[in-house]
Amino acid sequence: MKKHNFYAGPSILSEYTIRNTADAILDFAGMGLSIMEISHRSKEFVAVMDQAQLLFKELLEIPDGYSVLFLQGGASMQFCMVPYNLMSKKAAYLDTGSWASKAIKEAKLFGEVDVVASSKESTYSYIPKGYELPPDADYFHITTNNTIYGTEIREDLDVSVPLVADMSSDIFSRPLDVSKYALIYGGAQKNLAPSGVTFVIVKNNILGKVDRAIPTMLDYKVHIEKESMFNTPPVVPVFAALKTLEWYKQQGGVEAMHQSNLAKAALLYNEIDRNKLFRCNVEDEADRSIMNVTFVMDADYQELEADFLAFATEKGMVGIKGHRSVGGFRASIYNAMPLTSVDALVKTMKEFEQKH
Ligand SMILES: *Cc1c(COP(=O)(O)O)cnc(C)c1O
């Protein structure tokens with residue numbers, strides 16, 4: 001039976017990405033060698049890195065004056081690399097979930113952190129609004145998509161200080177106005193590639209302002225200068241990322257992905273709202289993520305949770321168990337997820353409702 005892959009991360013990749021990466025693992029670029037056993041300085045791999053950077057810029061319409069980097073250490077490494085490079089004295093953070101609070105914890109090692117608002121008191125079920133930013137903050141950090149809680153900031157905020165965003169789980173899900181951001185980063189393993197590569201989009205002129213010494217591997221300027229080749233890059237994940245970017249372009253680019261994501265999300269949220277057995281964790285529709293849809297059993301049907309999980313598993317649904325901090329269910333419907341899989345989940349929910 002075909003599995004419907006709702007894992008939150010690492011997560012579904014396009015068949016195009018997987019097949020082409022599998023081919024390159026056997027024979028890369030007609031070299032008669034695997035991509036796993038060639039020099040990252042070979043002209044064949046340098047071309048992969050160059051194309052990946054170019055296509056990243058093209059798809060997101062990244063303006064001049066920005067660099068795209070492929071690094072290691074995951075989004076978690078960016079939690080410290082961002083303040084290392086950007087915080088002189090003070091930074092503002094929005095606390096919208098576990099990842100945001102992990103970023104806050106690291107930033108505190110480098111200076112004063114002003115947590116301008118938090119939705120922690122309601123298990124992060126909404127995006128705080130109406131907060132004020134300290135005008136002297138070196139930057140304002142947000143997590144655009146809260147993978148665990150199913151909330152998302154689905155617009156490009158207009159703020160008065162440089163904006164930094166963790167977009168690990170919603171990069172390429174919608175068109176972006178990159179000019180509104182000073183820096184965007186994320187682990188690739190949700191919407192781009194297998195784990196092992198981290199993307200960073202950085203506005204060049206925000207760098208070089210802090211006084212502290214920065215270790216070479218953590219210095220964005222070094223990686224910009226060396227075009228993500230200061231040390232050995234994660235060759236296979238970068239190759240897979242390039243394939244996903246090619247696939248996005250074939251699908252019609254980021255706007256087409258956005259339309260498809262909106263359609264998938266609407267289908268699933270409508271069913272959760274309609275079905276008497278289920279309830280969405282996120283009440284405000286404007287805050288609902290189009291990437292990670294979290295839901296629980298309605299109060300009257302709590303005892304059916306394990307039954308539904310078993311029923312859905314029987315129907316080929318994989319990875320819908322909610323994160324331990326929220327419980328219930330989470331369906332991650334990233335870019336590569338076809339509408340047919342969301343439709344299969346909706347049908348499963350309807351069938352389960354009829355049984356009860
Ligand atoms: C998955 C995730 C992370 C952690 O990424 P790593 O690459 O494992 O460090 C951070 N932020 C968000 C929003 C995520 O979804």
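Mentor: A polar contact is a pair of N or O atoms within 3.5 Å. Please keep in mind as we go on that this is a predicted model.

Trainee: Which residues come nearest to the ligand among the 14 residues around it?
Mentor: Two of them can be described by their side chains: T147 has a polar side-chain atom 2.5 Å from an oxygen atom of the ligand, and K190 has a side-chain N or O atom 2.7 Å from a ligand oxygen. Of the 14 residues around the ligand, those that come nearest are S76, T147, D166, Q189 and K190.

Trainee: What is the area buried between domain 1 and domain 2?
Mentor: The protein chain is divided into domain 1, residues 15–251, and domain 2, residues 253–355, and their centres, taken over C-alpha atoms, are separated by 27 Å. To the contact, domain 1 gives 28 residues and domain 2 gives 28 residues. Carbon and sulfur atoms give 54% of the area buried between the two domains, which is about 2,200 Å².

Trainee: Which element gives the most to the side of domain 1 that touches domain 2?
Mentor: Between the two domains there are 16 residue pairs in polar contact, with both residues at pLDDT 80 or more. On the side of domain 1 that touches domain 2, at least two residues each are supplied by α2 (43–60), β7 (151–152) and α6 (235–250). The element that gives the most, with three residues, is α6.

Trainee: How many salt bridges does a search of the whole structure find?
Mentor: Let us take two examples before the total. The side chains of D287 and K129 meet in a salt bridge at 2.8 Å, N to O, while those of K90 and E112 meet in another at 3.9 Å, N to O. Because K90 lies in strand β3 (residues 90–95) and E112 in strand β4 (residues 112–118), this pair ties together parts that are 22 residues apart in sequence. Over the whole structure, the number of salt bridges found is 15.

Technical notes: Residues numbered from 1 in each chain as written. Predicted model: local features only at pLDDT ≥ 70, side-chain atom pairs only at ≥ 80, totals over all residues. Heavy atoms only, no water. Domains from an automatic or database assignment. Contact = heavy atoms within 4.5 Å. Buried area = accessible area lost by both parts, 1.4 Å probe. Salt bridge = Lys/Arg side-chain N within 4 Å of Asp/Glu carboxyl O. Polar contact = N/O pair within 3.5 Å; in protein donor to acceptor, adjacent residues only side chain to side chain. Helix = DSSP H or I, 4+ residues; strand = E, 2+ residues; numbered from the N terminus. Near = heavy atom within 4 Å.
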